[in-house]
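Dear colleague,

Please find the structure below, with some notes on what was found in it. I would be glad if you could read them alongside the model.

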Amino acid sequence: MKTSIRRSRRAAMAVALGSVLALTATACGDDGSGGAGDKGDEGSGKGTITFWDNNGGVRTDIWKQIIADFEKKNPDIKVKYVGIPAASAQSKYDTAIQGGGLPDVGGVGTAVLAEVAVQGALAPLDSRLKSSALNGKLSQNLLDVSKSAGGGDTLYQIPTSANNGTLWYRTDLFKAAGLDAPTTWSKFYAAADKLTDKAKNKFGFTIRGGEGSIAPALDAVYGQTGITSFWNGDKTTVNDPKNVAALAKYVALFKKDTPSADLNNDFTKMVAQWDSGTIGMLSHNLGSYQDHLKALGADKFKGIPNPTLDDGTRVQISNPVDGLSLFKSSKNKEAAWKFIEFAVSAAENSKFNESAGQVPANTEAARSAWIQKSEPTQLAAEALNGADTKIVQLPYYLPDWNTISKADNEPNFQKLLLGKMTAKEFLDTLADQLNAAQADWKKNH
């Protein structure tokens, strides 16, 4: 875990640097640089604010529409839009934290939220939300994800949108086989078996074995066992014996009820394979809906949230959540907060998510007409916002989470599929890395 230690130390150094910048600003006067240590000001609630879009290019048009709506309603406030490619958003924030020039408002996803927050760059939003018109209108499950991803109990992000794990299934194949929709895990496994006919190159399921394999595997594991917390004290539950058994059952589908090509399939290849028409089920998010519609037609498939336990209990892992953060160095927090409130209002949040193809964080927006016309999105919104849905919070706040869940363990997952590792060996290895990373995080934060 040397990498984790180095990254945590860098974060601690950035906090120290932010303190130095704050002292410098106090001694020499405000130079408007907007470093992390700058406490900023509430401001007049008028004038110009700067907004950084963390998915510039892809979301530029819709954000410019929202900004135009905002400026029409708030003629005393102008919003300067800066689009940043998603791949460089974190490095852009890190550079500005250390050298100055942070925006008033920025898009900050849960994958980088803790890294930005721990450097002292973000303003807490709990009290602002409590006194806001948004209070009580945002998905509590998504707010919980935002808080967890921020590294603690403080809210540093107002969620705007989320994706959700979706089980796509071929309604025509299910009907021909006399199968019920795979709404529970027992129905899922039964369908995977019945729809498989290797001699005819037909399979019940396609499993993700290539890039991005860990999250869907964990979703399947926790969904089957009903374990609702990723941590038990300072130790992860990922290698709980129930999870080990669930993972063993899940990966046993490989080459029995899935194509052997799944070993190396990322989502693009997996989706294309499913759209070819010979596979019964596919676990992916809402983003592939248009691909399925084009390939199969609306009457041959459906998308539902991942299966529940037989008693209806729904447990799923947290998906990355996108959102807006207020930067501590802003000289006009009042105007910046007005922009956040407006952007996440029902009408604007609906408009944004219809463009993005994601689930709105605003629960009123989640009842929009466009969602009601798209059953997979409607069901995903109901699952994400449902009071009975239990979400296992993945540790996005850990500096090495991406390394552990991708570079370190995707190759191991392939070994697991090939029978070169057992489910217990795989999860024990993952648990050891996570426990060390968690201990390192607590030591340095």
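I62 counts as buried, because its relative accessibility is 6% (buried means under 20% relative accessible area, with a 1.4 Å probe and protein chains only). This is a predicted model, in which local features need pLDDT of at least 70 and side-chain atom pairs count only at pLDDT 80 or more, while totals for chains, interfaces and linings use all residues. Residues are numbered from 1 along each chain as its sequence is written, and side-chain values use heavy atoms, with hydrogens and water left out.

I62 lies in helix α2 (residues 60-73), helices being DSSP runs of H or I with at least four residues and strands runs of E with at least two, numbered from the N terminus. Apart from neighbours within four places in sequence, I62 is in contact with K351, F352 and S355, where contact means heavy atoms within 4.5 Å. Although I62 and S355 are 293 residues apart in sequence, their C-alpha atoms are 7.0 Å apart in space.

In helix α8 (residues 185-194), the buried residues are W185, F188, Y189, A191 and A192. They cover an arc of only 160° around the axis, and so they sit on the same side of α8; the arc is that of the directions from the helix axis to the C-beta atoms. Among the elements covering these buried residues of α8 are β5 (165-170), α7 (171-177), β6 (203-206), α9 (214-225), α10 (241-251) and β9 (279-285).

With regards

How values were computed:
Buried < 20%, exposed > 50% of the residue type's maximum accessible area, 1.4 Å probe, protein only.
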